[in-house]
Amino acid sequence: MFENIEFANPEFFWLLLLLPLALLWYFFKRKNEMASLRISSIKGFTVSNWASKAKPVLFIMRLLALAAIVTALARPQTEDISTRTKTTKGIDIVMAIDVSSSMLARDLKPNRLSALKEVAANFIKERPNDRIGIVGYAGESYTKTPITSDKTIVLNALNDITYGELEDGTAIGMGLATAVNRLKESKAVSKVIILLTDGVNNSGFIEPKTAADLAVEFGIKTYTIGLGTNGNALSPIAYNSDGSYRYGMREVQIDEDLLKEIANVTGGKYFRATDNESLEEIYDEINKLEKTEIEEFKYYKYEEKFRPLIFLAGIFLLLEWGLRNSIFKSFI
């Protein structure tokens, strides 16, 4: 009941030290004022001793009233805190994901695409205040989901990304241009593209450098990620008769110079992910680099609780006055 009670003026509690002093003073004073009379016999007297003995109750009532008043002066109150947050710098992010056949390579576990989807999902969950969209590209590109603040939609779209939806190839320029198109009308303070590929641009009718220039024109920062181990990786090389993939060792080729240039001209940064751990670290770093500024407003509501104490003090004083002028009147 009293767990959340706080006192605005706790210094008034020092006055409670007067109560035991007043109690000592009263009993010394009463002892000195009591007169004694010696008589040979009290036969014939009707003595009612209870009222005389109970007389100190009147002073105790006065002390209780004083204690209630002192506590009221200390201003007991309850505090209710409500919080409201305001996003002052929202960020719109588009993740451009390579979904070519090479993304099924097994140098990341269980393969590049699955590893990416797991890490990207964690990244999305850690951006509750931002709008995120997804673009997929291989030999061509398409928008999987436009930028939205509904993370359930984004996560479902990410989970649905798979190889085979597009003509095979690696159209980096197309993927970047589609992502730019999703962000060019954005009114967000910060606009970001995270472009991931595991190959060399070999498809599409838009050059990657042209797409990068478009990103610069619309003020869009681009982080680029080259995905794949250094050397060779177990990758799909052909189809088996049952439609499954036949795997073999293939050299990992990533146009790092191109990815670095795209990142540099747009104000972003290039990363190389060679395993699951480094891919996760890259997304963690991007998460730290692109921080959404949030303002938090706290509202304090105080409810004063001194009124019942004043009421209680009034009852004690009224009761003391009534008893003093009725039952105890002849003993005072």
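User: Which residues are buried in H9?
Analyst: In H9, the buried ones are Ser278, Leu279, Ile282, Tyr283, Ile286 and Asn287. Buried means under 20% relative accessible area, with exposed over 50% and partly exposed in between, using a 1.4 Å probe and protein chains only. Bear in mind that this is a predicted model: local features need pLDDT of at least 70, side-chain atom pairs count only at pLDDT 80 or more, and totals for chains, interfaces and linings use all residues. Residues are numbered from 1 along each chain as its sequence is written, and side-chain values use heavy atoms, leaving out hydrogens and water.

User: What do the buried residues of H9 pack against?
Analyst: They pack against strands S3 (91-98), S6 (190-197), S7 (220-227) and S10 (270-273), plus helix H4 (112-125). Helices (H or I, at least four residues) and strands (E, at least two) are DSSP runs, numbered from the N terminus.

User: Which residue caps the N-terminal end of H9?
Analyst: That's aspartate 275, with a side-chain oxygen 3.3 Å from the backbone nitrogen of glutamate 277.

User: Switching topic: where is asparagine 111, and is it buried or exposed?
Analyst: Asparagine 111 sits in the loop between S3 and H4. It is buried, with a relative accessible area of 15%. Leaving aside neighbours within four places in sequence, asparagine 111 is in contact (heavy atoms within 4.5 Å) with Met103, Leu104, Ala105 and Arg106.

User: And how many residues are in the hairpin link from S4 to S5?
Analyst: The hairpin joins S4 to S5 through 3 residues. Those strands, residues 131-137 and 141-148, run antiparallel and are joined by 5 bridges. Glycine 136 stands opposite tyrosine 142 in S5.

Definitions and conventions:
Two strands pair if DSSP finds at least two bridges between them. A polar contact is a pair of N or O atoms within 3.5 Å; within protein, one must be able to donate a hydrogen and the other to accept it, and residues adjacent in sequence count only if both atoms are side-chain atoms.
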